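Hello,

Here is the structure I promised to pass on to you. Have a look at it first, and then read on for what turned up.

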Amino acid sequence: MNKNLTLLGTVFFLWGNITAINSVLIIFFYQYFHLSWQQSILITVIFYVAPFLTCLPCSALIARRGYRTVLLLSLALSAIGCLMLTLALQQDSFILSLIAMFVVATGVAAMQVVANPYLTLLSAPHKRIGNLCLASAVNSLGTTLAPLLVALLLELSPVDIPAREEPISMLWLYLAGFSLALIAGVFLLRLPDVERPEKTASGTHHSWHNRELMFSVAAIFVYVGVEVALATSLVKYLVTISGWSTTIAMSLVSFYWGGALAGRFLYGLFADRIGNYYPFLVATLTCAIAVVMAMYLNDLSGGYLLILTGLGNSILYPIIFGHTINKNPAIANLSAAAMVMAGIGGAVIPWLQAICIDEINLRASFVLPVVLYLILALWGQRNLRPGNAVICAEKGRA
């Protein structure tokens, strides 16, 4: 990729770090603030509710000000939110942490709304899904390294609960600096803008009547939900069932995200040769089988199977997102906003699984991810199968 796409890829890396840190720090908040599991999961709920509230205004701003301006705004929000989180932890305030996480999540949501179509539209048409996969692989690099970094920080500087000392606040300070460095990069590299999309009002009306887009939004809701649910429950599975320490369990989550890194990188190199349908179907069904086996085994081997679902998850997001943007380039900003809003599944589905964990048990809660993987397989059958894709596209325009 050229320097412009590389810069945008680095934005993917930043929000990958923030997303993964958010998921693994649930157990940190759980222990540090002496919360219930449902209370600690509020950090993730806030993180995925924010995009639902901010994505459409962000899309409208893209139509008025362009992709470049909104990218700068998203990075500024990220920096401000990270600085707020640093202060919140130093002040020992869970409420302020929730508010700060909302600001961070707003910035990350804006990054996703702008960067996904921005990178896609800067790419040659035949390279769009492949480039999006490669950028998503960079995103997965961030999600892979972040849990390792958190585990290392906690190992080298363990939390001193009585003294209320912890190393995590400095991590958010570094992320704020990274966001500011990317803002400088946008100016230094003179990142070009792309043609602004059509006006928001007409585009919104067209979007809500595009059935294929609505099915894609639902698919993103399910995908983000199941991926985050497994990432958050995986730590609890490894600690409770597999008997690992919290620090080791956090570090093992990096292999879950590492599967996404490997899968996206490999698929991004060969996407234009092997197509979307069969890889998508194999990935969803294999993940469903892996989760069923983890429920059956209920031991360390089951933990490894759950980690391997990260590899299956790797290609789902770029295929759904890239396929939808390719079908609707004229409303790319609105399509991106609607699909990022659907990321609220990352709040709803982990919350539902948390209720199942507290009210039933951890083992039974994994029935939910199995059902969701089967739903995703049905989406792939309807939208990606070569014969069906044409029919669906015609129905969407009807």
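Let me begin with a definition: the expected span of a helix is 1.5 Å times one less than its number of residues. Keep in mind as you read that this is a predicted model.

**Helix H8**

How far apart should the ends of helix H8 be? With 21 residues (168-188) at 1.5 Å a residue, H8 should span 30 Å, and its end C-alpha atoms are 31 Å apart, which agrees. Several residues of H8 are buried, among them Ile 168, Leu 171, Trp 172, Leu 175, Ser 179, Leu 182 and Val 186. The buried residues of H8 pack against helices H1 (3-24), H2 (26-32), H5 (67-90), H6 (94-122) and H7 (128-156). After H8 comes Arg 190, which has a positive phi, near 50°.

**The chain as a whole**

The protein chain has 19 helices and 0 strands. Of its 398 residues, 59% are buried. If you take the contacts between residues at least 6 apart in sequence, 84% of them join residues at least 24 apart.

**H6 against H7**

The axes of H6 and H7 are 9 Å apart and meet at an angle of about 135°. That angle makes H6 oblique to H7. Is the crossing of H6 and H7 left-handed or right-handed? The crossing is right-handed. On the H6 side the contact is made by Asn 116, Leu 119, Thr 120 and Leu 121, and on the H7 side by Arg 128, Asn 131, Leu 132 and Ala 135.

**Aromatic pairs**

The count comes to 12 aromatic pairs. One of them is formed by Phe 33 and Phe 94, a tilted pair with 5.4 Å centre to centre and 50° between the planes. Phe 33 sits in the loop between H2 and helix H3 (37-40) and Phe 94 in helix H6, so this pair links distant parts of the chain, 61 residues apart. Both Phe 33 and Phe 94 are buried. Together with Phe 28 and Phe 29, they form one aromatic cluster.

Tyr 237 and Phe 366 make another pair: their ring centres are 5.7 Å apart and their planes are at 85°, so the pair is edge-to-face. Tyr 237 lies in helix H10 (211-240) and Phe 366 in the loop between helix H17 (362-365) and helix H18 (367-383), so the pair ties together parts that are 129 residues apart in sequence. Tyr 237 is buried, with a relative accessible area of 1%, and Phe 366 also counts as buried, at 1% relative accessibility.

**Two buried residues to look up**

Thr 309 lies in helix H13 (300-313) and counts as buried at 1% relative accessibility. Which residues is Thr 309 in contact with, leaving aside its neighbours within four places in sequence? They are Leu 230, Tyr 256, Cys 287, Ala 290, Val 291 and Tyr 373.

Ile 319 is found in helix H14 (316-327), and at 0% relative accessibility Ile 319 counts as buried. Not counting residues up to four places away in sequence, Ile 319 touches Tyr 267, Asn 276, Phe 280 and Leu 384. From Ile 319 to Leu 132 the C-alpha to C-alpha distance is 8.8 Å, although they are 187 residues apart in sequence.

Best wishes

Terms used
Residues are numbered from 1 along each chain as its sequence is written. This is a predicted model: local features need pLDDT of at least 70, side-chain atom pairs count only at pLDDT 80 or more; totals for chains, interfaces and linings use all residues. Side-chain values use heavy atoms; hydrogens and water are left out. Helices (H or I, at least four residues) and strands (E, at least two) are DSSP runs, numbered from the N terminus. Buried means under 20% relative accessible area, exposed over 50%, partly exposed in between (1.4 Å probe, protein chains only). Contact means heavy atoms within 4.5 Å. Rings of Phe, Tyr and Trp (its six-membered ring) pair if their centres lie within 6.5 Å; planes under 30 degrees apart count as stacked, over 60 as edge-to-face and the rest as tilted. Axes are lines fitted to C-alpha atoms, for helices over the stretch in contact, and angles run from 0 to 180 degrees between N-to-C directions. Angles under 35 degrees count as roughly parallel, over 145 as roughly antiparallel, 65 to 115 as roughly perpendicular and the rest as oblique. A crossing is left-handed if the near helix is turned anticlockwise from the far one by less than a right angle, and right-handed if clockwise.
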